[in-house]
Structures are given as C-alpha cells and as structure tokens.
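Welcome! Open your viewer, get the selection tool ready, and let us take a short walk from stop to stop.

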Amino acid sequence: MTRSRLVFALLLTLVLGACATTPPDPRLLDNARQAIDQAEAAGAQEYSPLELRFARERLQAAQLAMQERDFEQARRLADESEIDAQLALARTQAALTRAELADALRALDALKADLVEAFGEEVLQ
C-alpha cells in the first residue's frame, strides 16, 4: 500500500510539473526593447513610423500579458514587437541608403557639369 501511494505521489508530481507554465525569460522583453531603441536611434520615427508604432504597441501588450501571467501571449507579443522593430530598422537603413545614393548622384552630376564646362562635351566620352 505504501509503495502504491509513493508511485501515485510521484506520478501526480510529474503530471503537475508538466502542466505548470514556466514564466518566460525576462530578457525576452529586453530584446524587444533593445530592438526598438536601435530603430529609434537610427531614425525610425522619421523613416518607418508605422512599424515603430506597432513595435511599441506590441511591447506594451506583452508587458500587460506578463502582468496577467499570460506568458504564452507575452512571449508571442514580445517576439512580434522585436520583429516589427527590426523591420523598422531595416526600412530606416534602406531609406538612409537611398538618400546617400541620391546625394552621391547629385554630386556626380555636378562634377560632370563642371568637367563639361571646363573641357567640353568630349571629356565625358
């Protein structure tokens, strides 16, 4: 009888342990925060405001889910927030690169104009 109770207690412990929800790693929210900070520092507020706003809103929702101990929802929202922030950063970097390219093309056109003025049209051929 004692042995069967011991086996039952062991099984009950295993079942309860398997059903318990483990809280997510607190760094999960930190990763999303850091991604948002990076996007903001790169200028996402100007170049990718929609994605940045989504990232902030999802991070805030993830924080609420953590407070309500809905860890699975918190984990999902934190991941989505991080992805939105990374998208905002990528779009910002692309916009900045396009602006640099446009500046370089304008400088090249000005240089060509100066060369033509100084040496004639033949210099470009």
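**Stop 1: a loop residue**

Select Ser 48, which lies in the loop between helix H3 (44–47) and helix H4 (49–67). Helices here are DSSP runs (H or I) of at least four residues, strands are runs (E) of at least two, and both are numbered from the N terminus. Before going on, note that this is a predicted model, in which local features need pLDDT of at least 70, side-chain atom pairs count only at pLDDT 80 or more, and totals for chains, interfaces and linings use all residues. Residues are numbered from 1 along each chain as its sequence is written, and side-chain values use heavy atoms, with hydrogens and water left out.

Is Ser 48 buried or exposed? Ser 48 is buried, with a relative accessible area of 2%; buried means under 20%, exposed over 50%, and partly exposed in between, using a 1.4 Å probe and protein chains only. Leaving aside neighbours within four places in sequence, Ser 48 is in contact (heavy atoms within 4.5 Å) with Ala 88, Arg 91 and Thr 92.

**Stop 2: across to Thr 92**

Now click on Thr 92, in helix H5. Thr 92 counts as buried, at 0% relative accessibility. Apart from neighbours within four places in sequence, Thr 92 touches Ala 42, Gly 43, Ala 44, Tyr 47 and Ser 48.

Stay in helix H5 and pick Ala 95. Ala 95 is buried too, with a relative accessible area of 13%. Show Glu 46 as well: Ala 95 and Glu 46 are 49 residues apart in sequence and 9.9 Å apart in space, C-alpha to C-alpha.

**Stop 3: H2 beside H5**

Colour helix H2 (residues 27–42) and helix H5 (residues 71–119), which pack at an angle of about 20 degrees with their axes 8 Å apart. Axes are lines fitted to C-alpha atoms, for helices over the stretch in contact, and angles run from 0 to 180 degrees between N-to-C directions. H2 and H5 are therefore roughly parallel to each other; that label covers angles under 35 degrees, while over 145 is roughly antiparallel, 65 to 115 roughly perpendicular, and the rest oblique.

To see where they meet, show residues of H2 including Leu 28, Ala 35 and Ala 39, and residues of H5 including Ala 74, Leu 89 and Leu 96. By class, the contact of H2 with H5 has 13 nonpolar, four polar and three charged residues. Ala, Val, Leu, Ile, Met, Phe, Trp, Tyr, Cys and Pro count as nonpolar, Asp, Glu, Lys and Arg as charged, and the others, Gly among them, as polar.

**Stop 4: H4 against H5**

Next, bring up H4 with H5, packed at an angle of about 160 degrees with their axes 8 Å apart. That makes H4 roughly antiparallel to H5. By class, their contact has 15 nonpolar, two polar and five charged residues.

**Stop 5: the core**

Which residues touch the most other members of the largest nonpolar core? Of its 16 residues, they are Ile 36, Ala 39 and Leu 52. Such a core is a set of buried Ala, Val, Leu, Ile, Met, Phe, Trp, Tyr and Cys residues joined through side-chain atoms within 4.5 Å. H2, H4 and H5 each give two or more residues to this core, and the largest share, six residues, comes from H2.

Finally, zoom out: the chain has five helices and zero strands, and of its 125 residues, 22% count as buried.
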